[in-house]
Amino acid sequence: MINLGVLISGGGSNLQAIIDAVADGALDASIKLVVSSKNDVYGLTRAEQAGIPTLALTKDDYVDPLAADERIASALLDAQVDYVVMAGYMRMVREPLLKAFPNKIINLHPALLPSFPGAHGIADAFDYGVKLTGVTIHFANEAYDEGAIIAQEAVAVAEDDTLESLEEKIHAVEHKLYPQALQLLAQGCVVIGEDGKVRIL
């Protein structure tokens with residue numbers, strides 16, 4: 001059993017996938033706290049409906065991003081969180097969080113890293129015309145979208161795909177792959193080697 005803190009910025013569909021996996025017994029975890037970078041998003045409603053404590057910040061709270069991350073780190077530590085899960089969290093994590101949870105912050109990216117990093121991975125891959133994209137689960141570090149990769153799954157881009165249909169395919173894989181990757185952590189199967197790469201035991 002691992003304790004999770006989940007960081008969100010929007011509707012929280014990946015948060016819901018994690019909540020459902022815990023409820024179904026597919027993920028041996030407990031969500032102790034949901035932190036949102038906005039105070040008016042549906043992801044907070046999802047958390048509250050599941051009986052999960054929440055912390056909502058506003059844009060004003062992020063005027064000093066280091067102070068914001070210190071506040072978040074303190075709340076997560078108080079909640080006795082083992083792993084911090086970024087689920088559509090649209091802010092970079094900084095030193096206070098990285099120092100409080102070394103190799104314990106997990107991120108989801110909607111492309112096959114190292115290809116198409118950044119905030120628009122699905123659109124960037126679609127616009128480039130790739131025939132294969134996908135989803136990456138990785139550890140977060142001080143470099144955006146460059147942490148050690150835990151899991152990836154490919155998604156084929158069909159000739160008749162639109163950006164919207166590709167987004168739907170990507171999100172469907174996210175909702176399946178993220179809980180699976182977190183379960184590997186819960187089972188103690190994820191190890192970072194001396195070369196900085198993840199090995200699955």
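A residue counts as buried when its relative accessible area is under 20%, and as exposed when that area is over 50%. With those cut-offs in place, I turn to the structure, which is a predicted model.

I begin with alanine 29, which belongs to strand β2, residues 29-36. Its relative accessibility is 5%, and therefore alanine 29 counts as buried. Leaving aside residues up to four places away in sequence, alanine 29 touches Met1, Ile2, Leu4 and Val22. As for valine 63, it lies 34 residues from alanine 29 along the chain, and the two C-alpha atoms are separated by 33 Å.

My second topic is the packing of two helices. Helix α5, residues 121-128, and helix α6, residues 163-186, have axes that come within 10 Å and cross at roughly 130 degrees. Because of that angle, α5 is oblique to α6. The crossing is right-handed. On the α5 side, the contact is made by Ile122, Ala123 and Phe126, and on the α6 side by Leu163, Leu166, Glu167, Ile170 and His171. By class, the residues of this contact divide into six nonpolar, one polar and one charged.

Helix α5 also takes part in my last topic. How many aromatic pairs does a search of the whole structure find? The search finds one. The partners are phenylalanine 116 and tyrosine 128, in an edge-to-face arrangement with 5.8 Å centre to centre and 65 degrees between the planes. Phenylalanine 116 sits in the loop between β5 (105-109) and α5, whereas tyrosine 128 is in helix α5, so the pair ties together parts 12 residues apart in sequence. Tyrosine 128 has 66% relative accessibility and therefore counts as exposed, whereas alanine 29 counts as buried.

Conventions. Residues are numbered from 1 along each chain as its sequence is written. This is a predicted model: local features need pLDDT of at least 70, side-chain atom pairs count only at pLDDT 80 or more; totals for chains, interfaces and linings use all residues. Side-chain values use heavy atoms; hydrogens and water are left out. Axes are lines fitted to C-alpha atoms, for helices over the stretch in contact, and angles run from 0 to 180 degrees between N-to-C directions. Helices (H or I, at least four residues) and strands (E, at least two) are DSSP runs, numbered from the N terminus. Angles under 35 degrees count as roughly parallel, over 145 as roughly antiparallel, 65 to 115 as roughly perpendicular and the rest as oblique. A crossing is left-handed if the near helix is turned anticlockwise from the far one by less than a right angle, and right-handed if clockwise. Contact means heavy atoms within 4.5 Å. Ala, Val, Leu, Ile, Met, Phe, Trp, Tyr, Cys and Pro count as nonpolar, Asp, Glu, Lys and Arg as charged, and the others, Gly among them, as polar. Buried means under 20% relative accessible area, exposed over 50%, partly exposed in between (1.4 Å probe, protein chains only). Rings of Phe, Tyr and Trp (its six-membered ring) pair if their centres lie within 6.5 Å; planes under 30 degrees apart count as stacked, over 60 as edge-to-face and the rest as tilted.
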